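Please open the model in your viewer and keep the selection panel at hand.

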Amino acid sequence: MSGAQGHALRRMILTRIGLGLGTLWLISVLVFLAVSLLPGDIAQQVLGQSATPETVAAFRRELGLDRPIVYRYLDWVGGIVQGDFGQSLANGRPVSELLAGRLGNTLFLAGYAAVIAVPLAVVLGLLAALWRGSWFDRVINTLTLSAISFPEFFIAYILMYWLSVRLGIFPSMASFGPRPDLWDMLTRAFLPAVTLVLVVTAHMMRMTRAAVVNVLGAPYIAMARLKGASNSRVVVRHALPNALAPVINVIALNVAWLITGVVIVEVVFVYPGLGQLMVDSVTNRDLAVVQACALIFAAVYISLNLLADVLAIATNPRLLHPR
């Protein structure tokens, strides 16, 4: 990459970071407003119906709920900038302490699924492009369309029924103790990881196939064939490198989904991740935890989108100068 291209890439990265921070700020406003405007009185719900009006009013003052919403938002954002997400209403513990372990579990599950899904999707996409129109291509496309059509919870319950209830190979509940070893985590997280793999592999595989097939119509591919290059060499050495930009984008988006879209899977398998914590906090009206979880999911998604843009341009610098 030349100096001019490097300068353009740095400028693009700074622009994307600025847009990402602006988007994250807008999401923080929407999250705070959505949580604050939930029906019902959070103070009354936490204290119970037997609480006196004086006790409820005192608790509202303690939580700052008697202050205007603008000041409450500014206090919340100011605390987040300093690394303080507030206190949990359910147990009084710091929210950051609750998030630390749960976020690690969610990242472990997402990484577990990504390690399986990404190579599998790329290989299947390359083989489908290499043998496009064959029985293999038709079978793979049918299976991927079927996987996309089924919701995650349906796939999760089918896997749970066959691999846990009927065969007893893997545990149906993915919860584990406070200090599990790696093998225990891999075993208990296998079913939720496979559920995620079946969902995201279809998207990545179809995009890989489409990108490679699109490149195969280029003139330089025809020249490589005229020079006697084999079909597999044409696909792997010539087509794939030039199709990496859309493939990287779809992989990054699906990895982002693995982290931010695991809520349903974590709830089905009772996996102790950030999604399960968010659902429990919504049930308990633990607003500070709900807001923190939503903001973390948004930050992860925006960051991975930024990384996808940078990697796509690094593999194809022509994207810096769109025509």
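Begin by selecting D137, I140, N141, T144, L145, A147 and I148 in α6, which meet L198, A202, H203, M205, R206 and R209 in α9; contact here means heavy atoms within 4.5 Å, and helices are DSSP runs (H or I, at least four residues) numbered from the N terminus. The model is a predicted one, in which local features need pLDDT of at least 70 and side-chain atom pairs count only at pLDDT 80 or more, while totals for chains, interfaces and linings use all residues. Residues are numbered from 1 along each chain as its sequence is written, and side-chain values use heavy atoms, with hydrogens and water left out.

By class, this contact of α6 with α9 has 7 nonpolar, 3 polar and 3 charged residues, where Ala, Val, Leu, Ile, Met, Phe, Trp, Tyr, Cys and Pro count as nonpolar, Asp, Glu, Lys and Arg as charged, and the others, Gly among them, as polar. The axes of α6 and α9 come within 8 Å and cross at roughly 135 degrees, which makes α6 oblique to α9. Axes are lines fitted to C-alpha atoms, for helices over the stretch in contact, and angles run from 0 to 180 degrees between N-to-C directions; under 35 degrees counts as roughly parallel, over 145 as roughly antiparallel, 65 to 115 as roughly perpendicular and the rest as oblique.

To show the contact, select E152, I155, A156, L159, M160, L163 and S164 of α7 with L191, V194, T195, L198 and V199 of α9; by class it has 9 nonpolar, 2 polar and 1 charged residues.

Now turn to the second largest pocket, lined by 14 residues, of which L143, T144, A147, I155 and L198 lie nearest its centre. A pocket is an open set of points on a 1 Å grid over the protein atoms alone, where a 1.4 Å probe fits, with protein on both sides within 12 Å along at least five of seven lines, and lining residues have an atom within 4 Å of a point. The elements giving two or more residues to this lining are α5 (95-130), α6 (135-149), α7 and α9, and the lining divides into 12 nonpolar, 2 polar and no charged residues.

Finish at the largest pocket, where L63, L65, R72, A288 and Q291 are the closest to the centre among 27 lining residues.
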